[in-house]
Amino acid sequence: MSMGKGEITVLRLGHRPQRDKRITTHVALVARAFGANSIQISEKDAELEKTIRDVVDRFGGDFSIETGVSWKKVIRQWEGPVIHLTMYGERLEDVLGNIEKGDVLVVVGAEKVPGEIFKLADYNVSVGNQPHSEVAALALFLDRFTEAKWAGQRFEGKRIILPSRKGKTVIDIDEGYLDREDCLKVLREAGCEQDVIKHSEVVTKLAVKMAEACEADQDLVRTASMLHDIGRSVTHGPEHGYQGGRILRKMGFPESIASIVERHVGGGLGAQELKGLGLPAKDLVPVTLEEKIVCLADKLVDDNQKVRLEIEIQKLMEKGLEKATQRVKELHRELTKICCIDPEELDL
Ligand code: SAM
């Protein structure tokens with residue numbers, strides 16, 4: 001994770017493979033979850049490496065692990081601040097502002113660390129001067145050091161955990177796509193109303209038919225069209241596309257899906273229109289074939305029924321949305337050409 005200050009590596013000392021397996025695993029998991037890019041462990045432990053790589057494989061991110069490193073060499077060769085977490089150090093709140101930018105090496109011990117570390121480190125930092133644990137010290141340090149930005153990092157793993165009030169909602173993404181049931185779980189968990197869900201199912205039917213005709217990525221279109229209105233869980237205004245992209249990225253969905261969702265409104269919104277809605281001036285006009293398909297399919301479905309495009313165009317004109325009218329017409333022309341059939345003629 002780039003925190004704008006360079007990368008963060010954790011150096012774990014004194015790991016005893018038999019006794020410390022669990023706690024060193026936790027040090028590595030905390031490092032990964034709270035914004036570090038890698039961990040180096042002074043003792044060789046192939047099993048630990050495998051455990052962490054499996055987590056990275058399932059839950060995503062590009063966190064790396066290396067065991068059996070010479071800690072002296074790592075510290076001596078480190079170009080950037082070396083921060084040793086120890087109950088004997090200076091207070092975290094007194095030191096944080098002094099740490100220079102660059103790649104940082106954060107050292108945590110096990111039972112007892114070699115005295116030499118105190119001299120080799122640029123900063124000996126305490127998280128409170130009471131004895132506790134390397135897991136807690138590392139978590140608190142990373143939270144403060146990253147100014148809590150770790151919470152916004154994106155892992156884009158195969159497995160997504162959706163925050164749930166009760167129980168567990170786990171979504172397994174198969175090569176970036178979801179099946180219908182999982183899409184329904186995501187929509188319900190986000191708080192979408194039933195009529196939004198029904199509308200999404202009809203748009204999906206049409207969008208998949210269009211994808212078939214145009215030889216587009218059908219799985220991508222199916223997933224994104226099921227989720228295209230997820231932003232309606234927070235607003236029914238034209239900004240629901242932008243909000244949908246934001247929600248999906250926060251949940252950990254791949255960019256390909258988030259991007260289709262945020263570009264589906266009104267034939268796509270230009271940067272000035274976004275600005276007019278009080279949002280960042282971002283150009284959200286559909287660019288890829290899949291983005292265009294979901295955008296047009298949405299225009300061809302009103303509520304949960306297919307509708308003639310001319311009716312939707314009429315509505316846009318009555319609202320004085322000249323740009324959107326032109327974009328939708330152009331989208332229709334373009335897709336009719338690519339699909340070799342007018343999408344309006346496709347049966348559901
Ligand atoms: N007496 C041991 C020492 O510092 O040499 C403490 C060992 S403690 C169980 C294991 C690790 O937890 C330490 O090496 C240190 O990295 C971390 N730790 C424990 N308490 C801490 C505190 N108050 N502040 C910062 N780090 C702490």
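In this predicted model, a backbone N or O atom of Val 127 lies 2.9 Å from a nitrogen atom of the ligand. Of the 560 Å² of accessible area that the ligand has on its own, the protein covers 86%.

The surroundings of the ligand consist of 19 residues, of which the closest are Leu 85, Ala 110, Val 127, Gly 128 and Gln 130. Sorted by class, this shell has nine nonpolar, seven polar and three charged residues. Strand β4 (82–91), strand β6 (123–126) and helix α6 (134–145) each supply at least two residues of the shell, and β4 gives the most, with four residues.

The domain assignment divides the protein into domain 1, covering 8–152, and domain 2, covering 167–345. Taken over C-alpha atoms, the centres of domain 1 and domain 2 are separated by 43 Å.

Strand β5, which spans residues 104–108, contains Leu 105. Leu 105 has a relative accessible area of 0% and is therefore classed as buried. When its neighbours within four places in sequence are left aside, Leu 105 is in contact with Thr 9, Leu 11, Val 74, Ile 75, Trp 78, Pro 81, Val 82 and Ile 83. One of these contacts, Val 82, is 23 residues away from Leu 105 in sequence, yet the two C-alpha atoms are 4.8 Å apart in space.

The buried residues of α9 are Leu 220, Val 221, Thr 223, Ala 224, Ser 225, Met 226 and Leu 227. Their cover includes the helices α7 (180–190), α8 (194–214), α10 (240–251), α11 (255–262) and α13 (289–299). At the start of α9, a side-chain oxygen of Asp 217 reaches to within 3.2 Å of the backbone nitrogen of Asp 219.

Helix α7, one of the elements covering α9, has buried residues of its own, namely Asp 182, Cys 183, Leu 184, Val 186 and Leu 187. What covers these residues of α7 includes the strands β7 (159–162) and β8 (169–172) together with the helices α8, α9 and α10. Just after α7, Gly 191 takes a positive phi of about 100°.

Backbone angles also draw attention to two residues that are not glycine. Most residues other than glycine have a negative phi. Ala 148, however, has a positive phi, near 65°, and lies in the loop between α6 and β7. With a relative accessible area of 38%, Ala 148 is partly exposed. Glu 215 likewise has a positive phi, of about 55°, and is found in the loop between α8 and α9. Because its relative accessibility is 74%, Glu 215 counts as exposed.

Key
Residues numbered from 1 in each chain as written. Predicted model: local features only at pLDDT ≥ 70, side-chain atom pairs only at ≥ 80, totals over all residues. Heavy atoms only, no water. Domains from an automatic or database assignment. Near = heavy atom within 4 Å. Polar contact = N/O pair within 3.5 Å; in protein donor to acceptor, adjacent residues only side chain to side chain. Areas by Shrake-Rupley, 256 points an atom, 1.4 Å probe, with all protein chains shown as cover. Nonpolar A, V, L, I, M, F, W, Y, C, P; charged D, E, K, R; others polar. Buried < 20%, exposed > 50% of the residue type's maximum accessible area, 1.4 Å probe, protein only. Contact = heavy atoms within 4.5 Å.
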